[in-house]
Amino acid sequence: MKKYTKLILVSLCMASIVNATEAEKVNAMVMINMENGLANIQKGFLYNNVDLIKGGVDQIQKENTIYHDRKVIKSILPENKKQMENLALITSKRIENSTEEMKTYLALKQMKKAHASFSDIVNACTDCHTLVRGW
């Protein structure tokens with residue numbers, strides 16, 4: 001049942017980006033993949049599965065690299081938000097730092113600190129979405 005629900009959600013997301021620009025399509029897929037990474041980290045903590053956590057961290061790191069390029073960021077931001085390029089770049093660096101920190105804490109088996117790093121990742125995402133999306 002979970003697979004079907006996930007498949008339906010991905011299908012809906014894909015349907016909504018059919019008419020989007022190429023940059024918007026790439027951004028949508030990156031966001032879907034980052035969300036999946038966050039979900040895997042959370043599941044890993046809930047089920048005491050360190051490999052699931054590490055896989056989620058790797059996925060976030062991989063997807064986040066797209067936001068290290070100012071040109072890509074500018075192409076993704078809405079016209080009335082282009083001035084927030086620096087914010088998106090800073091957020092990307094926050095995510096990068098938090099994922100590296102999380103890996104260190106996982107290696108040291110300091111799960112509470114690793115979870116705090118997870119919270120830092122979510123906070124960075126939320127901060128950017130708050131400003132860019134006008135929440």
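**Stop 1: the buried residues of α6**

Select Ala114, Ser117, Phe118, Ile121, Ala124, Cys125, Cys128, His129 and Val132: these are the buried residues of α6. Keep in mind that this is a predicted model. Now show what covers them. The cover includes α2 and α5.

α6 has 23 residues. From its first C-alpha to its last it reaches 32 Å, close to the expected 33 Å. Step past its end to Gly134, which follows α6 and has a positive phi, near 70 degrees.

**Stop 2: the whole chain**

Zoom out and colour by secondary structure. The chain has six helices and zero strands. Read from the N terminus, the elements run α-α-α-α-α-α. Buried residues make up 35% of the 135 residues. Take the contacts with a separation of 6 or more: 56% of them join residues 24 or more positions apart.

**Stop 3: helix α2**

Select residues 22–46, which form α2. This helix has 25 residues and spans 36 Å from first C-alpha to last, close to the 36 Å expected. Which residues of α2 are buried? Highlight Asn27, Ala28, Val30, Ile32, Met34, Asn36, Gly37, Leu38, Asn40, Ile41, Gly44 and Phe45. Two glycines, Gly37 and Gly44, are in that list.

**Stop 4: α2 against α6**

Show α2 and α6 together. Two packed helices are described by the angle between their axes and the distance between the axes. The axes of α2 and α6 come within 11 Å and cross at roughly 155 degrees. An angle over 145 degrees counts as roughly antiparallel, so α2 and α6 are roughly antiparallel to each other. Their crossing is left-handed.

From α2, pick Met31, Leu38, Ile41, Gln42 and Phe45. From α6, pick Met111, Ala114, His115, Phe118, Ile121, Val122 and His129. How many charged residues does the contact of α2 with α6 have? There are no charged residues, alongside nine nonpolar and three polar ones.

Leu38, Ile41 and Phe45 are among the buried residues of α2. Ala114, Phe118, Ile121 and His129 are among those of α6.

**Stop 5**

Move on to Asn48, in the loop between α2 and α3. Check its backbone: phi is positive, about 55 degrees, although Asn48 is not a glycine. Is Asn48 buried or exposed? Its relative accessible area is 68%, and it is exposed.

**Stop 6: α3 against α5**

Select α3, residues 50–64, and α5, residues 85–107. Their axes come within 10 Å and cross at roughly 155 degrees. That makes α3 roughly antiparallel to α5. The crossing is left-handed.

Show the contact residues:

- From α3: Ile53, Lys54, Val57, Asp58, Ile60, Gln61 and Asn64.
- From α5: Ser92, Ile95, Glu96, Thr99, Glu100, Met102, Lys103 and Leu106.

Colour them by class. The contact of α3 with α5 has six nonpolar, four polar and five charged residues. For contrast, recall that the contact of α2 with α6 has no charged residues.

**Stop 7: Thr99**

Stay on α5 and centre on Thr99, which lies in that helix. Thr99 counts as buried, at 1% relative accessibility. Which residues touch Thr99, leaving aside neighbours within four places in sequence? Select Val57, Ile60, Gln61 and Ile121. Ile121 is one of the buried residues of α6. Now draw a line from the C-alpha of Thr99 to that of Ile60. The separation is 7.9 Å, for residues 39 apart along the chain.

**Stop 8: Glu63**

Go back to α3 and pick Glu63, found in that helix. Glu63 has 11% relative accessibility and counts as buried. Beyond its neighbours within four places in sequence, Glu63 is in contact with Val30, Asn33 and Met34. Val30 and Met34 are among the buried residues of α2.

**Stop 9**

Phi of Lys109 is near 60 degrees, a positive value in a residue other than glycine. Lys109 is exposed, with a relative accessible area of 69%.

Definitions and conventions: Residues are numbered from 1 along each chain as its sequence is written. This is a predicted model: local features need pLDDT of at least 70, side-chain atom pairs count only at pLDDT 80 or more; totals for chains, interfaces and linings use all residues. Side-chain values use heavy atoms; hydrogens and water are left out. Axes are lines fitted to C-alpha atoms, for helices over the stretch in contact, and angles run from 0 to 180 degrees between N-to-C directions. Helices (H or I, at least four residues) and strands (E, at least two) are DSSP runs, numbered from the N terminus. Angles under 35 degrees count as roughly parallel, over 145 as roughly antiparallel, 65 to 115 as roughly perpendicular and the rest as oblique. A crossing is left-handed if the near helix is turned anticlockwise from the far one by less than a right angle, and right-handed if clockwise. Contact means heavy atoms within 4.5 Å. Ala, Val, Leu, Ile, Met, Phe, Trp, Tyr, Cys and Pro count as nonpolar, Asp, Glu, Lys and Arg as charged, and the others, Gly among them, as polar. Buried means under 20% relative accessible area, exposed over 50%, partly exposed in between (1.4 Å probe, protein chains only). The expected span of a helix is 1.5 Å times one less than its number of residues.
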